[in-house]
Amino acid sequence: MKFQKKWIVCGAMLCGAAVYAEEGKDLIPGTPYKVHDLERPQPRIIESGGAVSIAPPSDAVVLFDGSNLDAWTSGGKEPLWEIKDGLLIANKKNLDTKEKFGAIQLHFEWKLPNGIEVDGQKGGNSGCFLMGLYEVQILQSHNNKTYPDGQAGALYGQLPPLVNATSPQGEWNSYDITFVPPVYEDGAVVTPAKVTVIHNGVVLQNGESYLGPTMHKKLASYPKNHPETGPISFQFHGDPMEYRNIWVRPLGERDKAE
Ligand code: MG
């Protein structure tokens with residue numbers, strides 16, 4: 001499938017809103033595809049059963065239940081996102097948890113309201129940055145083509161989802177994510193960061209490895225120094241994405257008494 005448009009909008013956090021850029025030049029290791037390759041095959045489109053809403057388990061940290069933004073900040077200051085009718089609306093800047101996390105299970109639900117024009121990376125773009133570094137892309141990908149490593153559930157700029165399970169615009173989506181930070185020894189990564197992404201009950205990423213913290217147009221790689229924990233950050237990319245029911249469970253260890 002040839003794309004007419006050669007100019008695309010980035011999804012990475014550092015780019016801010018509506019930054020246009022060509023696809024990257026770097027080849028992704030083990031593939032014949034470049035970063036944001038417009039010719040990479042589009043993931044198969046499926047119809048999911050819709051969002052799977054799960055109430056927070058008893059040991060979850062509830063990050064948003066519709067009532068307040070107590071768990072959040074925007075760059076260390078007052079959170080700039082808005083609550084409307086019990087929904088969290090993306091606004092002005094990224095939204096970061098005050099608390100920092102390492103290995104986690106994360107649940108949240110998202111939708112793009114009707115009445116907004118969507119075109120590739122424009123109109124329905126947000127993202128969930130694990131440890132503030134590793135993006136799972138959030139994009140209104142129903143009936144909306146873009147580079148496959150930038151669509152809903154992609155490890156942005158690295159790995160497309162197995163399938164496209166995005167709900168129609170105006171309908172809810174759910175993400176259930178598990179994430180494990182990279183393991184370092186003597187200043188070098190020995191086990192990469194790993195992620196599983198389940199979208200509307202459908203597996204998109206099955207224990208996949210990140211090549212490094214998310215980059216735009218460039219091949220990601222691991223830095224020398226890496227934090228052990230970081231915030232969960234939601235991206236503001238200029239679009240009023242809506243969220244609800246956000247909770248997280250730090251993953252404990254086996255065989256440890258309370
Ligand atoms: Mg994004």
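Tutor: Here is a quick chat through those topics. This is a predicted model, where local features need pLDDT of at least 70, side-chain atom pairs count only at pLDDT 80 or more, and totals for chains, interfaces and linings use all residues. Residues are numbered from 1 along each chain as its sequence is written, and side-chain values use heavy atoms, with hydrogens and water left out.

Student: What coordinates the magnesium ion?

Tutor: Asn 125 (OD1), Ser 126 (O), Glu 135 (OE), Gln 137 (OE1) and Gln 235 (OE1), at 2.2 to 2.5 Å. Donors here are N, O and S atoms within 2.8 Å of the metal (3.2 Å for Na, K and Ca), and since water is not among the atoms, sites may look incomplete.

Student: How are the donor residues spaced in sequence?

Tutor: The pattern is N-S-x8-E-x1-Q-x97-Q. Asn 125 sits in strand S10 (residues 125-130) and Glu 135 in strand S11 (residues 134-139), so this pair ties together parts 10 residues apart in sequence. Strands (E, at least two residues) are DSSP runs, numbered from the N terminus, as are helices (H or I, at least four).

Student: Is Asn 125 buried or exposed?

Tutor: Buried, at 0% relative accessibility. Glu 135 is buried too, with a relative accessible area of 0%. Buried means under 20% relative accessible area, exposed over 50%, and partly exposed in between (1.4 Å probe, protein chains only).

Student: Switching topic: how many salt bridges are there?

Tutor: Five, counting a side-chain nitrogen of Lys or Arg within 4 Å of a carboxyl oxygen of Asp or Glu. One of them joins Glu 109 and Arg 244, with the closest N and O atoms 2.6 Å apart. Glu 109 is in strand S9 (residues 104-111) and Arg 244 in strand S19, so the pair ties together parts 135 residues apart in sequence.

Student: What about Lys 111?

Tutor: Its side chain meets that of Glu 242 in a salt bridge (2.7 Å, N to O). That pair links strand S9 and strand S19 as well, across 131 residues. Lys 111 and Glu 242 are both buried.

Student: Last one: where is confidence lowest in the protein chain?

Tutor: In strand S1 (residues 8-9), at a mean pLDDT of 40, while strand S13 (residues 173-180) is highest at 99. pLDDT is the predictor's confidence in each residue, from 0 to 100. Over residues 1-21 the pLDDT is below 50. Where pLDDT is low, the predicted coordinates should not be read in detail. The chain averages 92, and 91% of the residues score at least 70.

Notes. Contact = heavy atoms within 4.5 Å.
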